[in-house]
Amino acid sequence: MRKEEVVVDTNVPRVANGETKQADLECEDACIQALKQIQAERRTLLDDKGLFFEEYQKGLNFSGQPGLGDAFFKWLWENQANEQHCRTVPVTIHADRGFVEFPDDPRLERFDKGDRMFVAVALASETGPRVLNAVDRRSWWVHRKALKENGVNVVFLCPELMQMER
């Protein structure tokens, strides 16, 4: 049986670590449960340039300590070559959009350049993975309609936080 594939925005393990001001305990728990579910029954998509790991290591620990987000990061690092748990997706750098695979859609011109790699991998994977987001309203929530119309399926793990800013 083929595992469902997912793309994990950096804010999900960081929230699981309890590192974000805006996330309450319910949001933290949703992120923890999502990460546990990924480890147990899903497959995480990564980029072939190592950009996800560069981004993850800015706020997460390779040691797997002290938080559950750090433990997920360590698990991901250790399993990146294990096809049961991870799949690496090739992406192509683009001077203007960040990635060739990122939609050439004027509605997405203000989408955060740092998050474009997650969109590019999701689209390049050709499997329609869900992109998990916890607390990022600025990029993901504001652009949710344009992303969906371009084939990106974003899951908001903490939807109550998205409703606060419209």
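Colleague: Why does Glu4 count as partly exposed?

Modeller: Glu4 has a relative accessibility of 33%. Buried means under 20% relative accessible area and exposed over 50%, with partly exposed in between (1.4 Å probe, protein chains only). The value for Glu4 lies between these limits, so Glu4 is partly exposed. The model is predicted: local features need pLDDT of at least 70 and side-chain atom pairs count only at pLDDT 80 or more, whereas totals for chains, interfaces and linings use all residues. Residues are numbered from 1 along each chain as its sequence is written, and side-chain values use heavy atoms, with hydrogens and water left out.

Colleague: What makes the contact between Glu4 and Arg42 a salt bridge?

Modeller: The criterion is a side-chain nitrogen of Lys or Arg within 4 Å of a carboxyl oxygen of Asp or Glu. The N to O distance for Glu4 and Arg42 is 2.8 Å, so the pair meets the criterion. Glu4 belongs to strand β1 and Arg42 to strand β2, and the pair therefore ties together parts that are 38 residues apart in sequence. Strands here are DSSP runs of E of at least two residues, and helices are runs of H or I of at least four, numbered from the N terminus.

Colleague: Which term applies to Arg42, buried or exposed?

Modeller: Arg42 has 11% relative accessibility, and it counts as buried.

Colleague: How do you know that Glu4, Arg42 and Arg130 are linked in a network?

Modeller: Glu4 also forms a salt bridge with Arg130, where the closest N and O atoms are 2.6 Å apart. Glu4 is in strand β1 and Arg130 in strand β6, so this pair ties together parts that are 126 residues apart in sequence. With Glu4 taking part in both bridges, the three residues are linked in a network of salt bridges. Arg130 has a relative accessible area of 23% and is partly exposed. The structure holds 11 salt bridges.

Colleague: What separates Lys74 and Glu78 in helix α4?

Modeller: They are 4 residues apart, which is about one helical turn. An α-helix has 3.6 residues a turn, so residues three or four places apart point the same way. The closest N and O atoms of Lys74 and Glu78 are 3.9 Å apart, and the pair forms a salt bridge. Lys74, at 31%, is partly exposed, while Glu78, at 54%, is exposed.

Colleague: Why is Asp47 described as having no salt bridge?

Modeller: Lys and Arg count as positive and Asp and Glu as negative, with His and the chain ends not counted. The nearest side chain of opposite charge to the buried Asp47 is that of Lys49, 6.9 Å away. Asp47 does make polar contacts, defined as pairs of N or O atoms within 3.5 Å; within protein, one must be able to donate a hydrogen and the other to accept it, and residues adjacent in sequence count only if both atoms are side-chain atoms. A polar atom of its side chain lies 2.9 Å from the backbone nitrogen of Lys49. The side chain of Asp47 also reaches the backbone nitrogen of Phe52 at 2.7 Å.

Colleague: What does the side chain of Glu101 reach?

Modeller: The side chain of Glu101 reaches the backbone nitrogen of Thr92 at 3.0 Å. Glu101 is placed in the loop between β5 (98–99) and α5 (116–125). Its C-alpha is 4.8 Å from that of Ala120, although the two are 19 residues apart in sequence.

Colleague: What makes β3 and β7 edge strands?

Modeller: Two strands pair if DSSP finds at least two bridges between them. The open sheet has 5 strands in the order β3-β2-β1-β6-β7, with parallel pairing. β3 (86–89) and β7 (153–156) each have a single partner strand, so one side of each is left without a neighbour in the sheet. The parallel strands β2 and β3 are joined by 4 bridges, and β6 and β7, also parallel, by 4.

Colleague: Why is α5 called mostly covered?

Modeller: In α5, 8 of its 10 residues are buried, among them Phe118, Ala120 and Val121.
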